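The points after the lead are grouped by topic.

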Amino acid sequence: MADTHAESVAYVRDGFLPERPAPARETGVVGWLRQNLFSSVPYTILTLATLWVIWQLGAAILPWLWGGVWHVDSIRACREVLEGAAGGCFAVLTERWAQLLFGFSYPSGEYWRLGVAFVLLGVCLAPVLFPDLPRRLLIATLIYPFVAYWLIWGGTPLAAVSGLAGLAGGAAAFRTVASRGALLGGIAGLAALLAIWWIGGELAAAAPGFLALPPVASRNIGGFALNMILGTVCVSLSLPFGILLALGRQSRLPIIKIACIAFIEFIRGVPLITLLFVANVVLAYFLPPGTTFDLILRVVIMITMFASAYIAEVIRGGLAALPRGQYEAADALGLDYWQAVRLVILPQALKISIPGIVNVAVGLFKDTTLVSIISMFDVVGMIRGPILASTEWNGVYWELYGFAALLFFVTCYGISQYSQWLERRLATDTR
């Protein structure tokens, strides 16, 4: 009986079996290929078809790249060197790289100013783009626009200093009067900014040229530098204006709400090229006779208006995505409207809106090439105008437009990758 009872007791394991290695075809390169490229018959067919297309493109493009000519002075010399062989005429890039980057009228001895301005742009944007950096570095970000203006357009630095003083005075006036109302504080701050800036400009015009750089007219700025200037300035300005328009569209004040809706719907219903023609031609008719209004400034205003309307709709979507409880929680904490917007609502809405904002920014940067239609020589305008119009390089297309495409791709891809990194860091898929 004892033996029978012992045989009926279940066996309980008191340890683990030793781990066995995974099958070789499920790990390493072979495993990755099976999971991602050859996991099923349709995927296998699609992979093979894609490899065939890549092979055909590589067989056509790589000899054209490797067999290219880099050091001749005309397209005729390129064709003589190639003698019918496959190869690109990349000598146009080595011959005209300065015009593609800086335009054909910017003084060649002053290229360093544009280079320094764009290097400082990356340095001074870092405190804004990377939250882990010390916040005191934002002072450099605030100073940069005035330094960049002095470097790019030249003249005495007193004009830039007056603009910086106006900004500081406007901020001080706003803080002083804001206790009586945000609107009154904003008016006081704007008035102080304009007054100090005007006085500083008059003093700069009468002051001696201490540390003055040779002045450069806006019409002499071109090439990819013009695209970078327009893209950076317009994106930087359109974001705060877009936020204000989005808040105004949700305002309870009928006048503000109707004005914001009318502006957004009108701008979104008009093509950007129409606004650029307005900036170039029509806007001059509304100015007093003899008034000079810089063309780049006019274009910046129109592109900023255009981008602000689209960013406003993106941010409005972020505001609508917030639960009503967030607004009620801000009210329960005793926060006023602007405190609730600044501390509770906007941080969450902007976090949700990052993909849409980046999409507008990338599209806006690419749309800066439309200024070539109104006779502004950006990188596309340089290609369509002075370079292809010259007898030396008339007939070179793929090399020039490929170079322009590479410049835009590198810039836009960098913006896209940064936005994806920021989304992962902020965990935008979670509340």
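Helix axes are lines fitted to C-alpha atoms over the stretch in contact, and the angle between two axes runs from 0 to 180 degrees between N-to-C directions. Two packed helices are described by the angle between their axes and the distance between the axes. This is a predicted model, in which local features need pLDDT of at least 70 and side-chain atom pairs count only at pLDDT 80 or more, while totals for chains, interfaces and linings use all residues. Residues are numbered from 1 along each chain as its sequence is written, and side-chain values use heavy atoms, with hydrogens and water left out.

**Overall make-up**

- The protein has 17 helices and zero strands, where helices (H or I, at least four residues) and strands (E, at least two) are DSSP runs numbered from the N terminus.
- Of its 431 residues, 35% count as buried, a word that here means under 20% relative accessible area, with exposed meaning over 50% and partly exposed in between (1.4 Å probe, protein chains only).
- Among contacts in the protein with a separation of 6 or more, 69% join residues 24 or more positions apart, a contact being heavy atoms within 4.5 Å.

**Packing of H6 and H10**

- Helix H6 (residues 111-129) packs with helix H10 (residues 223-249) at an angle of about 35°, and their axes are 12 Å apart.
- The crossing of H6 and H10 is left-handed; a crossing has this hand if the near helix is turned anticlockwise from the far one by less than a right angle, and is right-handed if clockwise.
- On the H6 side, Leu114, Phe118 and Leu121 meet Ala225, Met228, Ile229 and Thr232 of H10.
- By class, this contact of H6 with H10 has six nonpolar residues, one polar residue and no charged residues, with Ala, Val, Leu, Ile, Met, Phe, Trp, Tyr, Cys and Pro counted as nonpolar, Asp, Glu, Lys and Arg as charged, and the others, Gly among them, as polar.
- Val233 also lies in helix H10, and it is partly exposed, with a relative accessible area of 30%.
- Val233 and Thr304 are 71 residues apart in sequence, and their C-alpha atoms are 8.4 Å apart in space.

**The disulfide**

- A search of the whole structure finds one disulfide, which is defined as a pair of cysteine sulfur atoms within 2.5 Å.
- Cys78 and Cys89 form this disulfide, with their sulfur atoms 2.1 Å apart.
- The pair links distant parts of the chain, since Cys78 is in helix H4 (residues 75-82) and Cys89 is in the loop between H4 and helix H5 (91-102), 11 residues apart.
- The torsion about the S-S bond of Cys78 and Cys89 is about 70°, so the disulfide is right-handed.
- Both Cys78 and Cys89 are buried.

- The buried residues in H5 include Ala91, Val92, Leu93, Arg96, Ala98, Leu100 and Phe102.
- The cover over the buried residues of H5 includes H4, H6, H10, helix H16 (379-389) and helix H17 (398-426).
- Glu95, also found in helix H5, is partly exposed, with a relative accessible area of 44%.
- Not counting residues up to four places away in sequence, Glu95 touches Val72 and Trp393.
- Just after H5, Gly103 takes a positive phi of about 90°.

**The nonpolar core**

- The largest nonpolar core has 90 residues, and those with the most contacts inside it are Ile221, Ile296, Val299, Val371, Trp393 and Leu400; such a core is a set of buried Ala, Val, Leu, Ile, Met, Phe, Trp, Tyr and Cys residues joined through side-chain atoms within 4.5 Å.
- The largest share of this core, 13 residues, comes from helix H15 (residues 337-367).
- Val371 touches Leu226, Leu230, Leu276, Val299, Met376 and Asp378, not counting residues up to four places away in sequence.

- Arg298 is found in helix H13 (residues 295-321), and it is buried, with a relative accessible area of 13%.
- Not counting residues up to four places away in sequence, Arg298 touches Ala279, Asn280, Leu283 and Phe293.
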